[in-house]
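Dear colleague,

Please find below the structure I am handing over to you. My notes on it follow directly after.

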Amino acid sequence: MKEPPLRNAIGIQVRKLRALKNWSQQHLAGRCNLLDFDIGRETVSQIERGVRGVSDLEMILLATVFQVELKELVPKKLPKWRKDLRPPNAVE
């Protein structure tokens, strides 16, 4: 079975930071909701698995929730970029 394409680079870091704080996915979703970042546990799961994209604003909100600098969300080694993950209207 083919794995779904990776839609974000920060999912693994989100999972690590959440584990370091000993938070459940539901707890993280609740903290996000306090900042009007309206997500649920399933969305947190999708972000951590890399199957849901994350906007720059969402990255800033996640860094705020975790009380870390934005660079803490970016993994040291970035996943390989795949051209087929570009938006359909992206200019070549």
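Helix α2 is followed by D36, whose phi is positive, near 65°; helices here (H or I, at least four residues) are DSSP runs, numbered from the N terminus. Please note that this is a predicted model, in which local features need pLDDT of at least 70 and side-chain atom pairs count only at pLDDT 80 or more, whereas totals for chains, interfaces and linings use all residues. Residues are numbered from 1 along each chain as its sequence is written, and side-chain values use heavy atoms, with hydrogens and water left out.

Within α2, the residues Q25, L28, A29 and C32 are buried, where buried means under 20% relative accessible area, exposed over 50%, and partly exposed in between (1.4 Å probe, protein chains only). Seen down the axis of α2, these buried residues fall within an arc of 100°, so they line one face of the helix; the arc is that of the directions from the helix axis to the C-beta atoms. They pack against α1, α3 (41-49) and α4, contact meaning heavy atoms within 4.5 Å.

Helix α4 spans residues 56-66, and its buried residues are E58, M59, L61, L62, A63, V65 and F66. These pack against α1 (11-20) and α2 (25-34). Just after α4, Q67 takes a positive phi of about 60°. I60 also lies in α4, but counts as partly exposed because its relative accessibility is 42%.

Salt bridges

The structure holds five salt bridges, each being a side-chain nitrogen of Lys or Arg within 4 Å of a carboxyl oxygen of Asp or Glu. One of them joins the side chains of E48 and R15 (3.9 Å, N to O). This pair links distant parts of the chain, with E48 in helix α3 and R15 in helix α1, 33 residues apart. E48 counts as buried, at 4% relative accessibility, while R15 is partly exposed at 36%. R15, R18 and E48 are linked in a network of salt bridges.

Leaving aside its neighbours within four places in sequence, R15 is in contact with E48 and R49. R15 and R49 are 8.7 Å apart in space, C-alpha to C-alpha. R49 in turn forms a salt bridge with E42, the closest N and O atoms being 3.4 Å apart. The side chain of E42 also meets that of R41 in a salt bridge (3.1 Å, N to O).

Yours sincerely

Technical notes: Helix = DSSP H or I, 4+ residues; strand = E, 2+ residues; numbered from the N terminus.
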